[in-house]
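I opened this entry to keep track of what I looked up. The notes go from one chain to a contact between chains, then to a single residue.

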Amino acid sequence: MQVKSFRDTLKQILDLAQDLLKSEAGTIFLLDNERDELVFEIVNGPKADELKGKRLKIGEGIAGKTAQTGEGQIVTRVKERKDFQSKFDRATGFKTESLLTAPLRIKDRIIGVIELVNKKDGVYTDDDLQILEGFAKSASSILEMALLYERIEQSRKFLYGIIDSIPHPILLLDKEGNIVYQNRALNQLPFREELIKKTTKKRDGGTVECNGKTFTLTKSSFNMRDEVGRMVKYTTLIFVEITDKIMLAELMAQKEVKERFFAGVSHNLKNPLTPIIGLSQILMSPENLPDDVIKEYAMRINQEGKRLGKLVQMFISLSRDDLGNRSWVNIGDMLKRLENGAFSVYVLDEPVEIYANSEDLELALEVLFETLKEKASDFNVSCSSVDSGIQIIIDGLDSNTVQELKRGMEQEFLIDDPFDMSNTNSANLVFFREIVERHGGNIEYNNDGIKIKFFSGMKNNTGKLIEKYV
Amino acid sequence: MKVLIVDDEPSIRYLFSEFLKMKGFDTDEAENGMEGLKKFHKDNYDLLILDIKMGFKHGIEMLEDIRRQGYNTPVIICTAYKHLEEDVRITSSENVEFLAKPVDLQKLWEKIEKLLGLKTNAG
């Protein structure tokens with residue numbers, strides 16, 4: 001007999017018994033242990049629909065007695081049996097003449113009763129009872145298997161129910177990697193096929209990028225019986241979307257870096273203040289100072305004041321959210337203005353103009369060159385237009401300078417990118433990067449030097465793309 | 001008396017040096033803790049003025065080093081970072097005074113007087 005569901009198996013058993021013992025009708029009752037009742041589970045016969053689901057107390061009626069005693073019964077004339085429950089006949093209009101019952105067992109435990117009604121060609125005999133009891137006995141193992149199947153199915157449904165209730169996309173695979181089930185959350189993803197494709201070869205704990213979203217992948221394996229009761233290994237893949245978390249973490253990191261940077265800049269602001277206040281205090285003291293010392297102090301106060309002014313200007317530029325007033329700026333002219341004999345500027349072709357905040361850009365280049373001048377003995381600056389924009393190359397830096405630029409606050413700690421926001425040691429370099437990036441440019445830094453590129457595709461205040469040259 | 005000024009800011013070293021010379025001190029300068037330690041071991045100093053955050057070696061590390069080596073030279077720590085002041089207090093609070101940046105020369109002088117016991121009873 002092919003394995004079927006428990007109900008289908010019961011139906012098949014009843015049909016076979018009814019055929020075998022040529023009966024007009026038949027019922028399989030199942031025991032409801034909670035309520036000590038028998039339930040009309042499978043009913044064959046003219047009034048089957050009316051009887052399904054009806055109940056009978058254990059010990060009540062012929063079937064109830066069979067369930068109680070575990071012994072089959074033959075009733076050739078129901079009228080002669082006081083314990084016959086005629087209420088069902090009255091209710092349905094069916095006329096029960098004779099009955100044959102046998103208990104249904106699984107592993108010696110009574111699970112119900114099979115009852116045949118009205119033998120078509122005579123009355124039930126002891127042989128019939130023996131046949132039915134034998135038949136019921138042999139059905140036991142089939143029922144057991146059907147019950148196991150039913151439980152597997154129930155477990156499977158239970159598992160799928162749980163999987164469906166989880167808001168994260170989940171994929172269930174068999175050991176060959178075939179999809180066994182995909183939950184509701186996964187089915188609702190419009191890009192599910194792409195996501196599933198991308199998970200192959202991904203390890204547990206890895207991340208999957210799909211359709212602009214990021215998921216972490218958790219894989220776990222478990223064994224479950226298949227439809228024929230074999231233990232089979234399955235794998236679940238749970239996708240947890242972490243796009244928001246990543247964005248939040250990035251925002252937090254940016255915020256933290258920015259806070260650190262401003263703390264560093266604030267510290268830098270205090271440095272020129274000390275000599276300004278201190279030297280002016282000395283000048284104001286009753287001490288008689290020679291004229292050349294007074295002049296020297298005044299010059300230093302002036303220098304530090306200018307330095308402070310620059311830092312304040314950097315602070316103001318950075319605290320502004322937009323680019324402020326912009327105009328067409330000739331980069332070549334700007335670089336030559338800043339040259340001042342300290343380094344060489346080569347403008348390779350003209351005009352090289354970008355739409356920029358002239359004050360910010362000039363200040364940024366000025367503080368960059370100041371930082372380089374502090375560390376390098378000499379360097380060259382060249383400016384040219386390239387395919388996609390404008391390029392400034394600073395080269396000729398000696399290896400010590402390159403190393404010095406990379407030195408962070410700590411003694412032996414070298415930072416990869418001195419232009420990075422995390423470099424609180426050099427507010428100048430960080431300021432430079434910020435201004436360049438605000439103007440749609442980027443900075444490449446390596447041992448050969450510094451390459452600054454402004455692209456033609458810059459945007460104006462309204463976000464509209466503008467042309468490279470005027 | 002001789003003071004060693006350790007600060008990575010040349011303008012601050014210049015200011016302190018000028019001020020202390022005016023007060024009759026000899027001064028020496030170093031731009032980081034590493035250089036400061038070298039100078040400290042070569043000469044005898046009555047006072048050290050250290051910036052707390054410098055390249056190469058911080059003032060805090062330099063202070064740790066000299067205290068570990070058994071020197072109890074008076075030290076003035078200049079800092080713009082309040083939390084670092086706490087770190088120093090844990091390392092050493094004896095013969096150490098703190099000065100917040102930007103440094104006020106009057107306050108610097110008061111700390112020097114206190115550490116070197118220069119305050120007379122006249123005032």
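Conventions. The model is predicted, and local features need pLDDT of at least 70, side-chain atom pairs count only at pLDDT 80 or more, while totals for chains, interfaces and linings use all residues. Residues are numbered from 1 along each chain as its sequence is written, and chains are lettered from A and ligands numbered from 1 in the order in which they are written.

Chain A. I looked up the elements and found 13 helices and 18 strands in chain A. Helices (H or I, at least four residues) and strands (E, at least two) are DSSP runs, numbered from the N terminus. Of the 470 residues in chain A, 29% are buried. Buried means that 20 or more other C-beta atoms, placed from the backbone, lie within 10 Å of the residue's own.

Chain A against chain B. I found 18 residues of chain A in contact with 18 residues of chain B; contact means C-beta atoms, placed from the backbone, within 7 Å. On the chain A side, helix 8 (243-284) and helix 9 (291-319) are the elements that give two or more residues. Helix 8 of chain A gives the most, with 12 residues.

B:Ile12. I placed B:Ile12 in helix 1 (residues 10-22) of chain B. Why is B:Ile12 counted as buried? I noted that B:Ile12 counts as buried because it has 25 C-beta neighbours inside 10 Å. Leaving out residues up to four places away in sequence, B:Ile12 touches A:Asn271, A:Thr274, A:Pro275 and B:Asp7. The C-alpha atoms of B:Ile12 and B:Asp51 are separated by 9.7 Å, with the two residues 39 apart along the chain.

Methods. Buried ≥ 20, exposed ≤ 12 C-beta atoms within 10 Å, placed from the backbone. Contact = placed C-beta atoms within 7 Å.
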